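Hi,

Here is the structure I promised to pass on.

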Amino acid sequence: MDLLKEFGCIDCPLMTSPLGSSMRLKADEGALLTDPSQYRKLIGKLNFLTYTRLDIAYSVHHLSQFMQSPREPHLKVAYHVLRYLRGDPTLGIFLTNDADYRVKAFCDSDWATCPKSRKSVSGYIVLLGNSPISWKSKKESTISLSSAEAEYRSAKIVVGELVWLARLLAKLTVPLSLPIPIFCDSQAALHITRNPVFHERTKHIEVDCHFV
């Protein structure tokens with residue numbers, strides 16, 4: 001509520017989603033803000049809020065790419081996120097007390113989503129039982145040549161996170177059932193994962209991705 005009051009959104013109309021699925025902001029579109037500090041301050045606060053509001057993680061990641069030279073369309077979308085938060089400002093993460101220690105992960109990728117660099121954006125969420133314990137939305141470091149490669153890279157990212165989480169849970173003496181299932185909606189990426197042979201179509205991502 002303090003964040004909404006600070007930026008004058010306490011009485012603004014509500015939004016049902018933090019960011020439209022077809023929204024693609026550009027770095028050089030629109031007029032430059034005369035005072036970029038307001039935008040940077042807002043995104044900084046929203047970024048801190050993603051620790052408990054995973055539903056805005058992708059939106060805040062998208063907006064944080066324009067911190068250096070923010071423009072009016074960027075600020076408009078940032079206020080859109082605030083209007084979405086106004087719908088339920090007390091929403092948070094529910095951690096159940098069920099004795100369910102099964103870990104599972106979901107990953108996905110938006111291929112070539114960046115209009116300037118054509119890099120893909122990967123995201124994942126890890127659940128302990130039915131409770132979310134880790135999540136991230138991040139632009140991939142290299143350009144993927146196909147949607148299958150982008151999905152496979154997102155699997156690589158979540159596998160790295162799961163290796164660290166498995167070691168952490170072992171240190172905390174949490175009973176962990178192995179192997180940990182990962183859910184991916186790309187059949188091509190699943191076929192690459194099942195095939196350990198490095199063939200011509202995957203040789204260029206052998207070192208980077210076959211960590212999976």
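First, some housekeeping. This is a predicted model, so to speak of a local feature I needed pLDDT of at least 70, and side-chain atom pairs count only at pLDDT 80 or more, while totals for chains, interfaces and linings use all residues. Residues are numbered from 1 along each chain as its sequence is written, and side-chain values use heavy atoms, with hydrogens and water left out.

Let's start with the sheet. It is an open one of four strands in the order β3-β2-β1-β4, with mixed pairing. Strands (E, at least two residues) and helices (H or I, at least four) are DSSP runs, numbered from the N terminus, and two strands pair if DSSP finds at least two bridges between them. At the edges sit β3 (131-139) and β4 (182-183), each pairing on one side only. β2 (residues 121-128) runs antiparallel to β3, with eight bridges between them.

Now the helices. α5 lies across β1 (103-110), β2, β3 and β4, and runs at about 155 degrees to β1. Axes here are lines fitted to C-alpha atoms, for helices over the stretch in contact, and angles run from 0 to 180 degrees between N-to-C directions. α5 (residues 147-171) also packs on α6 (residues 187-194) at an angle of about 60 degrees, with the axes 8 Å apart. Ala-148, Glu-151 and Tyr-152 from α5 meet Ala-188, Ala-189, Ile-192 and Thr-193 from α6, where contact means heavy atoms within 4.5 Å. By class, that contact has five nonpolar, one polar and one charged residues. For the classes, Ala, Val, Leu, Ile, Met, Phe, Trp, Tyr, Cys and Pro count as nonpolar, Asp, Glu, Lys and Arg as charged, and the others, Gly among them, as polar.

A cis peptide bond joins Leu-178 and Pro-179, with omega about 0 degrees. Thr-173 has a positive phi of about 55 degrees although it is not a glycine, and its relative accessible area of 68% makes Thr-173 exposed.

His-61 sits in helix α3 (residues 57-63) and is buried, with a relative accessible area of 14%. Leaving out residues up to four places away in sequence, His-61 touches Val-121, Ser-137, Lys-138 and Lys-139. Thr-34, in the loop between α1 (2-6) and α2 (36-49), is exposed at 86% relative accessibility. Its C-alpha is 9.4 Å from that of Pro-70, 36 residues apart along the chain.

Cheers

Key: Buried < 20%, exposed > 50% of the residue type's maximum accessible area, 1.4 Å probe, protein only.
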